Amino acid sequence: MTERTNTHGDAHKTAWQVGMLVGLLLLVAAARILFAWTMRHETNADFAIVQLMVRHILAGEPWPVFFYGQNYMGSLEPLTSALLASVCGYSTFAVNCGTALFGIAAAVITALWARRIGGWLAACCAAACCVVGPVGYVHYMASPRGGYGTLLFFTVALLACGVRMLARECEGTPSSWRDALLLGVMAGLGLWCNMLVVPAIGAVAVCFLLWRWRAALRFRLWAGVVAGFLLGSIPLWSWNLRHDWSTFGMGGSLSFYPPVVMRHLRLLFTERIPQLVGVADAPAFWYWSVLPATVAPLLIVLISWRPPRRGAWSVWTALSLSAIGCYLLCFVPCFAFSQFASVNSPRYMLPLVPFLAILGGAACALARPRALRIVAGLAVMLQIAWQVGQLHKFTALAERRELATRRYAAVVDALLARGVTAAYAGYPLFIMNLLADERICFSDPKIERIPAYARRIEHDPSPAVVENLGGVNFLVRSSDGRGVHANVDSMRLDYALAPPTTAVRDATDITWAAAGQTSGVSIARMLCDRDAGTAVHAEELRDQARDTTITIALREPTVLNGIRLWGAEQAPFGSWRVEGRAEAGDDYISLSSETPYAHYFWSGPRIFWDRPHHRQEVRFAPTRLRELRLHFAPGPDRAAFRICEVQLLAPDPDAAGAVEAAPAPAPLLDTLRERGINRLYAERWTANAVHLAGTGSVWTSRSPRAQTDRRLTEKDDPERLLLDAHTAVLMPPAGVPSMRAVLSARTIPLRETALPPFGTLFDVPPGLAGAPWLERRTGIRFLGSYALLDDANEWAMAMLSVADAAENAERLDFLLAGAPDCVPVARRRLALLRDQSEATTALRSELDRRLALLTIPTLGSPARFRGDYEWLGCRLIGGKSSYRPGDILVVRHYWRAPHPPPPERLAVFIHFVGPNKFIFQDDHALLDGIYAWPSDADAPWTDDREVVIPADAPPGRYELCLGVCNAQFPTRRFSVATTLPQRRRAVKVADAFTVIPLTSPKP
């Protein structure tokens, strides 16, 4: 009777427990679906991309292997949502439910796994922790971001499957090949969906090696896992076979340098975990109660640990908690080594949530003594109470997003009513593509993820700008352009943009006399020599209130109405203004207002984004001037910058009037077809007209033509000119002088054909099919309406590769004249002199002297730094050893550098230490741009640094202290393979030079 009663009571208790767990899991599912409905008006840009991916899949377009614009986050989540939407009909809610399915599945596995660990109590506690979850977790289980739902699912499923196999092995039941195949498939799918699943794969491997390493060596087991892994990751490998294995380029985001790793570890424990739990901005009471409550179950489980051999815990329990511990031990270093740790978001921490739930349930069920179980239960209840209490933030966010959706929809309707078909807009506004049904293309050129959108914005005749992206209002104001500006629901719209009405010509050649900058250095030649390699480095601005100025003196008073700058950096300065001296009078008059940097330029009747290099312009009323002065204010992130070229603009009475529309390109197309031209370099508006009229038969895009011409992919820089018999350059009238000048400097005889109103067409004349400059780097940078010399060393190396160039003294002399710093050319010319015993002692001495300057340092001893950078030494250029305050000190540094370079942005810190104290410094980017051309294996890279000795520098002997640091984080890097003192981590050059008093004679 007693036995029967106990059996009935146990069955009743079990039914109650099962019902409790099923009810909690149903509550989990209901919460996920409710959250998916609540977040149907999400405005996140990644959410919008997933929605568009699903729509494209449903429309029958080729299914994407990866999340648009990324190559390391597989598209299983959008594919699942597309399958669901194909059954239920497309809606943002249906797509959200696809993500919610993975969240529900992960919660079910979590609860069932917790039951095997600690029984029904552990399962119910784990399920209760997953009903709502931390505030940083709710969003990603309710609305898609591309791969975080799948990451959570495969992380939990992979570890649970691995523990199941391992438990069977420990109990004496060998795993079947089906189990191994399933484990491998989940690992392969997980790696394709999100590479953050790597810690889970590593944890399973470590557990097998710790508990049953002999089993891992069985052919049936490891062969099944490998076969399943290859099967599950087929999309990953098939895509990478066709795309140069670019997925694994994300390995470049790893950093193993101790200062960076330690910084990431601090971020993990001090910022990311509080963000995930939702207490980062909470009051101190909640911060110091909820955060310890989150960690308490882990500590309680560690205190209560009982090995299975004592009979206290089952094998499954011990293995499961060991696997979770291994996962945490794998997750922490993976997080610390990755640059993703710097991203201010808790989404990379999501896989921790189910394991925290399991640990909470295990602590409540397994802790010994009972007091610990009570503490664990209180900690779990506090977490759940905090999570439920934070739901108001989630619902408030959903309400704000719904209001934002209505606001964005109003903007879309306004643009559609005005006939706009494309607009520049920031990436956070990507949702407007979805709201517009893609009738309008909203594209952010800084982070465009959909190539079709980049092409649409490139070829649109008159794009608008939303929320003043890139400072279009500054462009319109400074260039005297026109446009319509409107506000719709407090959002700024700029459309119907039109360029200035006054046509201009290049007045640079006839007006320059001299130029200087604040320091007094003459820079006229560098600013108007049409050579990008002679850029002017503006002074470092330690005093943020002081501008850098460039003064331009004109040969004779000249009527000017504008200035254009060309440079190699994006956003090099914060703002600039122009003033000048008129023909009569000594006072400077203001010619332009303070003009913030704008990321656009005019090209014909429309604007374009100024990548990859900047082109800034201001217009002013025609004024007869005899001197100009340009003022530059520093930007928020930059205190020094470079300017490659300054172009002075004058009114052109022969071409006055606004360009309202691109002329019909039929005559131009006829000429191109007649001459067999299939690649045209042209200003952007002309290029667009040719592309549209020719239906793509002539390649005019700024992007390389990877599909048909591999040569154009050697460098992803569309401005570098590469010529062949089927390539032409179309220059507008104002740019023709610059094109002629650079072609003459490179001795490239192109044919000129006037094609008004487009300009002048430059192409290869018949009979020059074997010219040495064809299909090689020309060292010319084409900027649409201007041409510059560039990459002289690269051009010289390309010419040196011609069969007879290395043995042609005249050709070598020409290359040396254009690239005097090219070590291989100088060495080849010197060898030719010696081989032929030419009676040119002076030339031989000059080459010896030049090679010594380029390859042999005279100060310092070699020092190797991490990243395989080796500083060989330096020398002072100019032959002086004594300087006065205010003098320019030119230091040439000699380096050996790795190929390819490390992923970190590196910097050099150079301190000049005078009599017993630090005086001044010259910190800068390490070898910026040196990878533009190849060099001899034994030829060092040289880096010339111009430093102004401060006016208050005390006299005495100075030493130089140099080291390498990470430019992103202000931490110095350790020196290795050198005798440098480890505490200083820098190389010293004692008695480098002497500073003498101002009253002393010039040295």
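Author: Welcome! Buried means under 20% relative accessible area, exposed means over 50%, and partly exposed lies in between, with a 1.4 Å probe and protein chains only. Helices here are DSSP runs of H or I with at least four residues, numbered from the N terminus. This is a predicted model, where local features need pLDDT of at least 70 and side-chain atom pairs count only at pLDDT 80 or more, while totals for chains, interfaces and linings use all residues. Residues are numbered from 1 along each chain as its sequence is written, and side-chain values use heavy atoms, leaving out hydrogens and water.

Reader: What makes H4 mostly covered?

Author: Of its 40 residues, 28 are buried.

Reader: How do you know where H4 bends?

Author: The bend at a residue is the angle between axes fitted to the seven residues ending there and the seven starting there. At glycine 118 of H4 that angle is about 145 degrees.

Reader: Why is the pair of tryptophan 286 and tryptophan 386 called tilted?

Author: Rings of Phe, Tyr and Trp (its six-membered ring) pair if their centres lie within 6.5 Å; planes under 30 degrees apart are stacked, over 60 edge-to-face, and the rest tilted. These two ring centres are 5.2 Å apart with planes at 35 degrees, so the pair is tilted. It links helix H13, which holds tryptophan 286, to helix H16, which holds tryptophan 386, 100 residues apart.

Reader: Why is tryptophan 286 called partly exposed?

Author: Its relative accessibility is 32%, so tryptophan 286 counts as partly exposed. Tryptophan 386, at 7%, is buried.

Reader: What makes phenylalanine 66 and tryptophan 239 an edge-to-face pair?

Author: Their planes are 75 degrees apart, and their centres 4.9 Å.

Conventions: Helices (H or I, at least four residues) and strands (E, at least two) are DSSP runs, numbered from the N terminus.
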